[in-house]
Amino acid sequence: MGWYYLPLVGSQYGPCVPNEFGDCKHRACECTRQQFRAICKLCGKAIGEGARVYFGPKHELTHARCEETAEERRRTDGRND
Ligand SMILES: [Zn+2]
Ligand SMILES: [Zn+2]
C-alpha cells in the first residue's frame with residue numbers, strides 16, 4: 001500500500017486559494033478540499049492540506065503516520081512465536 005502527499009492550497013495541483021467570496025466552484029478543487037476535511041479514522045482529526053496520506057481499501061483517507069504507527073503496533077502485538 002503506497003502513500004502520497006495531498007497538495008497544498010494554492011499550489012500547482014492544489015485547490016484555489018479562497019477569495020472574498022469564499023472557496024472557488026471548481027469540481028476538482030472541491031474534491032481536493034473534501035479530502036482535506038476528511039477525518040482520519042485512526043486519530044479522529046481532519047486530514048488537512050499537504051498531508052502525507054494512505055488510501056484505504058474503501059478509499060478512506062488516513063494520515064500515513066497514523067497508519068504506520070498502527071501497522072507497527074500490529075506487528076509488535078502479533079509477535080508471539
Ligand atoms: Zn479552483
Ligand atoms: Zn491521523
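Analyst: In the hairpin of strand 2 and strand 3, five residues lie between the strands, and histidine 59 there takes a positive phi near 65°. This is a predicted model, in which local features need pLDDT of at least 70 and side-chain atom pairs count only at pLDDT 80 or more, while totals for chains, interfaces and linings use all residues. Residues are numbered from 1 along each chain as its sequence is written, and chains are lettered from A and ligands numbered from 1 in the order in which they are written.

User: How are strands and their pairing defined, and what order do the strands have in the open sheet?

Analyst: Helices (H or I, at least four residues) and strands (E, at least two) are DSSP runs, numbered from the N terminus. Two strands pair if DSSP finds at least two bridges between them. Here three strands form an open sheet in the order 1-2-3, with antiparallel pairing. Strand 1 (3-5) and strand 3 (61-63) stand at the edges with a single partner strand each, so one side of each has no neighbour in the sheet.

User: Is tyrosine 54 buried or exposed?

Analyst: A residue is buried if 20 or more other C-beta atoms, placed from the backbone, lie within 10 Å of its own, exposed if 12 or fewer, and partly exposed in between. Tyrosine 54, found in strand 2, is buried, with 20 other C-beta atoms within 10 Å.

User: How many of the 14 residues of helix 2 are buried, and what span should helix 2 have?

Analyst: The number buried is one, so helix 2 lies largely in the open. The expected span of a helix is 1.5 Å times one less than its number of residues. For the 14 residues of helix 2 the span should be 20 Å, and the end C-alpha atoms are 20 Å apart, which agrees.
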